Amino acid sequence: MQEFEDKFTSEQACIDYLFRMRWPEGFRCPRCGYERFWAMNRGLYRCISCDLQTSVTAGTIFQATRKPLKLWFQAIWYVTNQKPGVSALGLQRVLGLGSYHTSWTWLHKLRCAMVRPGRDRLSGTIEVDETYIGGSKPGKRGRGASGKVLVLVAAQEDGNRIGRIRLRRVSDASGKSLAEAIQEMVMPGSIIRTDDWSGYRGLVPSGYIHDIIRKDTSIGDNLLPKANRVVSLLKRWLLGTHQGAIQSSHLDYYLDEFTFRFNRRTSRSRGKLFYRLIQQAVSIEPVTASKIIGGPKYNI
Ligand SMILES: [Zn+2]
């Protein structure tokens, strides 16, 4: 925390930090591309060429916030430094936020930053399996179960280790649902390893190489060790950080947070996670920005 306080002594220090993240090569007018500007107060800039006024937060998750940027930075610092992850209640306490709702909304906005630029798909050899999250009784495959959410897990092989992962909620384990989810998570041409569940039969027509691992081969019970390992870590994390008290409507948030953390788990410096999350929070992607800003995700 001291490291944080030394770095972000004031609101202006936060604005300057965002400015460098956003325009690492120097300011560029988002409309005309001109490089010179008048700096106005509170992170506002006016293009000298076309008079467009823009701010360092426009088009980012901080857009139109009424809270100080420093508080946001503290939130990001906290989120990236708590290894097991944080709950909305925990964040509210640490920041001294008046409302749980604000804390909850912030976590959701940070989630947008965690996943937005991470849309690239996995490639190589990928283990894929489904698991049920929530509920007390085990669910029956392919049928769905009340109070449970079905999650598809994709774990990339990296030698004997797990590379990157993707997690995605699916409505059921039918061939159609599984194929759609896999197409979002994995590049065509990749090798996909699954068990012999019939729902995976459409993979080859969808452009994948399908490696079916059967029980009668000599590798024992753990047919898909990497996917299974991710499932058990995910479940432990959900239980540990959130005491299992997760509403199914909020699960997507936790899946994305887990993915963000998992894929960066070897990052030695927590400061790097902080940097990465802010960088993603200000990264502008014209195609998706309009969807997020003013879209349903943003108005939680
Ligand atoms: Zn301009």
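How many bridges join strand β4 to strand β5? The legends below take up this pairing and other close-up views of a predicted model.

**View 1. Strands β4 and β5 pair in the antiparallel sense.** Eight bridges join β4 (residues 125–133) to β5 (residues 149–158).

**View 2. Five strands form an open sheet with mixed pairing.** The strand order is β6-β5-β4-β7-β8. At the edges stand β6 (161–170) and β8 (209–212). Each edge strand has a single partner, so one side of each is left without a neighbour in the sheet. From one strand to the next, the twist averages 30°.

**View 3. Helices α6 and α8 lie across strands of the five-stranded sheet.** Helix α6 (residues 175–185) lies across β4, β5, β6 and β7 (191–194). Its direction makes an angle of about 135° with β6. Helix α8 (residues 251–263) lies across β4, β5 and β6. For α8, the angle to β6 is about 170°.

**View 4. Three bridges hold the pairing of β1 with β2 in view.** Strand β2 covers residues 44–47, and β1 runs antiparallel to it. Tryptophan 38 stands opposite arginine 46 in β2.

**View 5. Helices α2 and α3 cross at roughly 65°.** Helix α2 spans residues 11–22, and helix α3 spans residues 69–81. Their axes come within 8 Å. Angles of 65 to 115 degrees count as roughly perpendicular, and α2 and α3 are therefore roughly perpendicular to each other.

**View 6. Side by side, the residues of the α2 and α3 contact.** From α2 come Glu11, Cys14, Ile15, Tyr17 and Leu18. From α3 come Leu69, Lys70 and Phe73. By class, the contact has six nonpolar residues and two charged ones. No polar residue takes part.

**View 7. Helix α4 packs through its buried residues.** This helix covers residues 88–95. Which of its residues are buried? They are Ala88, Gly90, Leu91, Gln92 and Leu95. The buried residues of α4 pack against α3 and α5 (100–115). Glycine 96 follows α4. The phi of glycine 96 is positive, near 65°.

**View 8. Helix α5 is largely enclosed by the rest of the structure.** Of its 16 residues, 13 are buried, so α5 is largely enclosed. From first C-alpha to last, α5 reaches 23 Å. That is close to the 22 Å expected at 1.5 Å a residue.

View 9. The chain has 300 residues, and buried residues make up 44% of them. Among contacts with a separation of 6 or more, 57% are between residues 24 or more positions apart.

Key:
Residues numbered from 1 in each chain as written. Predicted model: local features only at pLDDT ≥ 70, side-chain atom pairs only at ≥ 80, totals over all residues. Heavy atoms only, no water. Axes fitted to C-alpha atoms, helices over the stretch in contact; angles between N-to-C directions. Helix = DSSP H or I, 4+ residues; strand = E, 2+ residues; numbered from the N terminus. Parallel < 35°, antiparallel > 145°, perpendicular 65-115°, else oblique. Contact = heavy atoms within 4.5 Å. Nonpolar A, V, L, I, M, F, W, Y, C, P; charged D, E, K, R; others polar. Pairing = 2+ DSSP bridges. Buried < 20%, exposed > 50% of the residue type's maximum accessible area, 1.4 Å probe, protein only. Expected span 1.5 Å × (residues − 1).
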